[in-house]
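Thanks for sending this one over. Here are my notes, in the order I would go through them with the model open on screen.

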Amino acid sequence: MRNPGERATDVTVDRIIELRDVNKWFGDFHVLRDVNLAVARGEKVVVCGPSGSGKSTMIRCINRLEEHQEGTIIVDGTELTDDLRDIEKIRSNVGIVFQNFSLFPHLTAIENLTLGPVMVRREAEHEAEARAMALLERVRIPEQAQKYPGQLSGGQQQRVAIARALMMNPKVMLFDEPTSALDPEMINEVLDVMVELANEGMTMIVITHEMGFARQVADLMVFMDEGEIVEQAPPQEFFANPRSARTKLFLSQILTH
Amino acid sequence: MTSVGTIPAHGRALRRPPPKRESGPIAWLRANLFGGVHEAVLTVLVAWALFLIVTALYEWAVRDAVWFTTDSLVCRRAAGACWAVIVEKHRVMLFGTFPYEEHWRGVVVIVTIVGMAVASGFRRLWSYRLFVAWVVALGVVLVLQLGGVFGLAPVDTNQWGGLPLTLILFVGTVVGGLPAAVFLALGRRSNLPVIKAACVAVIETVRGVPLLTVLFMASLMFPLFVPPELTIDKLLRAQIAMIIFFAAYGAEVVRGGLQAIPRGQHEAAQAVGLTYWQTTRKVVLPQALRIVIPALMNDIIRAFKNTTFVTIIGLFDVLGATRAALEDLNWQPYALEAYVFIFALYFVFCFSMSKYSEDVERRLREGRNY
């Protein structure tokens, strides 16, 4: 048995993601301030915080959709630099799911899945298709394989997007508010898939305000505000005894409903 | 309290058919033509005017018209149109200065290009093979026009003319200009300053001058600056000028499409690991070009009509050839009839393209739901 205040995994041993003193500005706006975060292999991190707090920017820096200006980001032993080979290597290890799905609307669900592997890894088309069908099976929409994104519901689209990210066999999955663009009745079908993924041992960083999900899967809760990580703690402690006043205020705002 | 509307006591609104509207021809007439005294008077007046115009037109174009004669005096005596001028002069009008006994080659060229264009209109045939067929067809067209092989008499490009010249310039402009437009548009959005500056310079310069000027530059100025041994064929120069002109305008249209693609699409492609060119080819362009089909079609139709400008550098396209044919003093009075024919010809081509683009748009709307 471990104490409620202790993380399930020993981060000092097997860090798959490490952010050290990361800083970033948008123009004059200091959007990330001395961000430090270490994620162990297999760990699930849930990031929350008010909008504009830098959550999205932080995880988008991890696969270089945004560029950090100071500090160090290391993903699975590779440091993120301007070297294109490093960026490519990191991107191939990191899958990302966006708030607005960002599926390719001119391709069918299955084509959305196979495009990456076929183009980037030169995988044979029939092999990629077989894997894609298996993944669509896993996110429980194999019957939608031939449909275009515009013909799918939001929940279905987001599940296709998760499957698309999984096609590249990532070691880490990033989720940028995956359910906040969904109608309420579709949130659970997406969260269910994410819980399954978590149970299979995937390393995940999830930005979400679904606190039920956070309690269920998170190993570590991170609270960000105004570009800095204000508090990080295992969920039991985070929810029961938030230390900072800002965390308390935020939790009271989202949990009172 | 009284119950409100059709909401029954148990709270479920009844499903009802929509309210009835009058229909049928009489209702239509009353609604649109005879809604009141003013409308009725106007309708009658307009109908009377239309009747006069149509009968006069019928008498001129059909009843009193001369259809076949080799003698222009017959036309002079007739009250109606002289369509015989078209029959008499069609060879010059359609083939210009191309050697008379080789006109059959022009016929094959027209049939090939029109046939390929019609075939390309069927979506069923869209495949790699259609692309190959176009390459082969354009090869055949060039061989037939240039001659000099397979026992065909060689024909200088100065002698090309008429409808084949119009079609070749048009197809050449679109085939060369569309890809150039895409590259210019991509270049204008490039992060590389040199490429961006070059593309902006080309687009803005060409957009800033009339096509006539570009053609004059190509035909008159260009040879002055280039040593004679490097001079290229006049027709080819005109073609290149038209391609650049088309590309500059097309680039701005394509750029509009590129801008409509949300940033998320680029990011999603990057996250999956696609390179810039893979993203462009597989994600961005398929969506961007679809958006700009109507606007591009507009440019394409304009390119068809712009081929008439080659007249001013001494090439006889179908319009120029018609003007040349009417140099014949015997037939000169019947220019109207000849131009009506040319008008009809241009209209058929441009209207089909316009209808085709409408059809493509509708299919895309229905089929892919985005």
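**Notes on strands, helices and cores**

1. Let me begin with one residue pair: Glu18(A) stands opposite Ile74(A), which belongs to β4(A). Please keep in mind that this is a predicted model. The pair sits where β1(A) meets β4(A), residues 70–75 of chain A; these strands run antiparallel and are joined by five bridges.

2. β1(A) also has β2(A) beside it. Residues 15–26 (β1) and 29–40 (β2) of chain A pair in the antiparallel sense, over eight bridges. If you want a pair to look for, Lys24(A) is opposite Leu32(A) of β2(A). The two strands make a hairpin with two residues between them, and Gly27(A) in the turn has a positive phi of about 65°.

3. Next, the open sheet of chain A. Which order do its six strands take? They run β6-β7-β8-β3-β9-β10, and the pairing is mixed. β6 (94–97) and β10 (228–233) of chain A are at the edges; each has a single partner strand, so one side of each is left without a neighbour in the sheet. On average, neighbouring strands here are turned by 20° against each other, direction ignored.

4. Within that order, β3 (residues 44–48) and β8 (residues 203–207) of chain A are a parallel pair with four bridges. Val47(A) has Ile207(A) in β8(A) as its bridge partner. Helix α1 of chain A, residues 55–62, packs on the sheet and touches β3, β7 (172–176), β8, β9 (220–225) and β10 of chain A; the direction of α1 makes about 150° with that of β7(A).

5. Over to chain B, and a helix pair. The axes of α5 (residues 103–120) and α7 (residues 162–188) of chain B come within 9 Å and cross at roughly 35°. Is the crossing left-handed or right-handed? For α5(B) and α7(B), it is left-handed. Among the residues making the contact are Val109(B), Ile110(B) and Ile113(B) from α5(B), and Leu163(B), Leu167(B) and Val171(B) from α7(B). Sorted by class, this contact has nine nonpolar residues, one polar and no charged ones.

6. The largest nonpolar core has 63 residues, and Leu163(B), Phe170(B) and Phe304(B) touch the most other members. Beyond its neighbours within four places in sequence, Leu163(B) is in contact with Leu94(B), Ile110(B), Val318(B), Leu345(B) and Phe349(B). There is also a second, separate core of 51 residues, including Ile110(A), Leu113(A), Ile141(A) and Phe238(A).

Methods
Residues numbered from 1 in each chain as written. Chains lettered and ligands numbered in written order. Predicted model: local features only at pLDDT ≥ 70, side-chain atom pairs only at ≥ 80, totals over all residues. Heavy atoms only, no water. Core = buried A, V, L, I, M, F, W, Y, C linked by side-chain atoms within 4.5 Å. Buried < 20%, exposed > 50% of the residue type's maximum accessible area, 1.4 Å probe, protein only. Contact = heavy atoms within 4.5 Å. Axes fitted to C-alpha atoms, helices over the stretch in contact; angles between N-to-C directions. Left-handed = near helix turned anticlockwise from the far one by under 90°. Nonpolar A, V, L, I, M, F, W, Y, C, P; charged D, E, K, R; others polar. Pairing = 2+ DSSP bridges.
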